[in-house]
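Subject: Structure handover

Hello,

Here is the structure we spoke about. Please open it next to this email and follow along.

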Amino acid sequence: HEVESVCAGCSPPYDADNSAPLAFRGLPISELKNHSILRALTAEADGWEPGVVSAEVLRAQEEWEAVDNIQPETGSQASSDQPGQLISFSEALQHFQTVDLSSFKKRIQPTIRRTGLAALRHCLFGPPKLHQGLREERDLVLTIAQCGLDSQDPVHGRVLQTIYKKLTGSRFDCALHGDHWEDLGFQGANPATDLRGAGFLALLHLLYLVMDSKTLLMAQEIFRLSRHHIQQFPFCLMSINITRIAIQALREECLSRECNRQQKVIPVVNSFYAATFLRLAHIWRTQQKTISDSGFVLKDLEVLAKKSPRRLLKTLEIYLARVSKGQASFLGAQKCSGPQAPHSKDLTFTGVCDLLPHSSEGTWLI
């Protein structure tokens, strides 16, 4: 009788027509298990603990929080090639290591051709040659620089989406063509048209910059500087020009000593790119440069970078060490005051390809 009285006291009212509890009518089946009465009735003998979240619920919550994108397709399982998923630098690089790039490799000129006194001077006083075992890795870098952006390649699309999301903080995909790319510092609605002289390597360098937690902070600082109301410049276009400088430095064997020392090529080229970009930002900020100075700044920067690559790399090491300790960088020490400038189509940007080479030894062909 005691049990009957308890149940009578807690039972919900019934519908006279079908004897179904009114409180349960209209509830989805998936919700019934969450009803307090049913949970009490189905509790284990050792007692139900409402404060304990099951492992299944935790897994479901983690899966939901991991959903960063609205997938346009339904009924199909997400694959690693879907544009909505971020891609790491190593995964993108692995893609180029596995696809057939023979047609692009035929175009590369691994080193600068020198003749006469220039060849003699380089032989006597120039940097050491790259070790034989590293030349295949060097050729891969130069081959990727010959590849264009293929909007039909899912990996290429994921690289673009990752760069966009990391710089803007967006959690959603965007179109591969559109005015939003101009906000990032491309010249037009199609990023592919700006990759002249650097190819897909320019996008890999941006991917490298935004996918490491320490260099991401640097990228975001430079991106904020690029949107300064007076000192604005096209961020991605500037980055592409830095990649061009890195390609030239590699071909002119300016990085050979460091590559030989580390027994690596790609990490050295990546670090050299980041260090050169950091140096440019520092010059731009402290010397109050504007878009009209871009060509000359890049030209002087190229000479400095090729002459003292080790010094630039050391500066980057110091910067990243300060970032890892939570210290303000020398970029962050002087905050960009004033409102952010919207992208302007009237900006005239001069890159390294738009100026004459500083010597007859160099060429802008990759």
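First, the ground rules. This is a predicted model, where local features need pLDDT of at least 70, side-chain atom pairs count only at pLDDT 80 or more, and totals for chains, interfaces and linings use all residues. Residues are numbered from 1 along each chain as its sequence is written, and side-chain values use heavy atoms, with hydrogens and water left out. Helices are DSSP runs (H or I, at least four residues), numbered from the N terminus.

**Helix H5**

Start with H5, residues 89-98. Phe89, Ala92, Leu93, His95 and Phe96 are buried there. Buried means under 20% relative accessible area, exposed means over 50%, and partly exposed lies in between (1.4 Å probe, protein chains only). Ser90 and Thr98 are exposed, on the face turned away from the buried side. The buried residues pack against H8, H9 (154-168), H11 (199-211) and H15. Contact here means heavy atoms within 4.5 Å.

**Helix H11**

H11 is mostly covered, with 12 of its 13 residues buried. Among them are Phe200, His205 and Tyr208. The cover includes H5, H8, H9, H12 (213-226), H13 (235-251) and H15.

**H8 against H15**

The axes of H8 (residues 135-144) and H15 (residues 266-286) come within 9 Å and cross at roughly 50°. That makes the pair oblique. The class takes the angles left over from roughly parallel (under 35 degrees), roughly antiparallel (over 145) and roughly perpendicular (65 to 115). Axes are lines fitted to C-alpha atoms over the stretch in contact, and angles run from 0 to 180 degrees between N-to-C directions. Glu137, Leu140 and Val141 of H8 meet Ile266, Pro267 and Val269 of H15. The contact residues divide into 5 nonpolar, no polar and 1 charged.

**Single residues**

Glu253 is not a glycine, yet has a positive phi of about 65°. Glu253 is found in the loop between H13 and H14 (256-262). Its relative accessible area is 6%, so Glu253 is buried.

Gln288 also has a positive phi, near 55°. This residue lies in the loop between H15 and H16. Gln288 is partly exposed, at 48% relative accessibility.

Ser294 belongs to H16, residues 294-307. Ser294 is buried, at 0% relative accessible area. Its side chain reaches the backbone oxygen of Ile291 at 3.0 Å.

Best wishes

Key. Helices (H or I, at least four residues) and strands (E, at least two) are DSSP runs, numbered from the N terminus. Ala, Val, Leu, Ile, Met, Phe, Trp, Tyr, Cys and Pro count as nonpolar, Asp, Glu, Lys and Arg as charged, and the others, Gly among them, as polar. A polar contact is a pair of N or O atoms within 3.5 Å; within protein, one must be able to donate a hydrogen and the other to accept it, and residues adjacent in sequence count only if both atoms are side-chain atoms.
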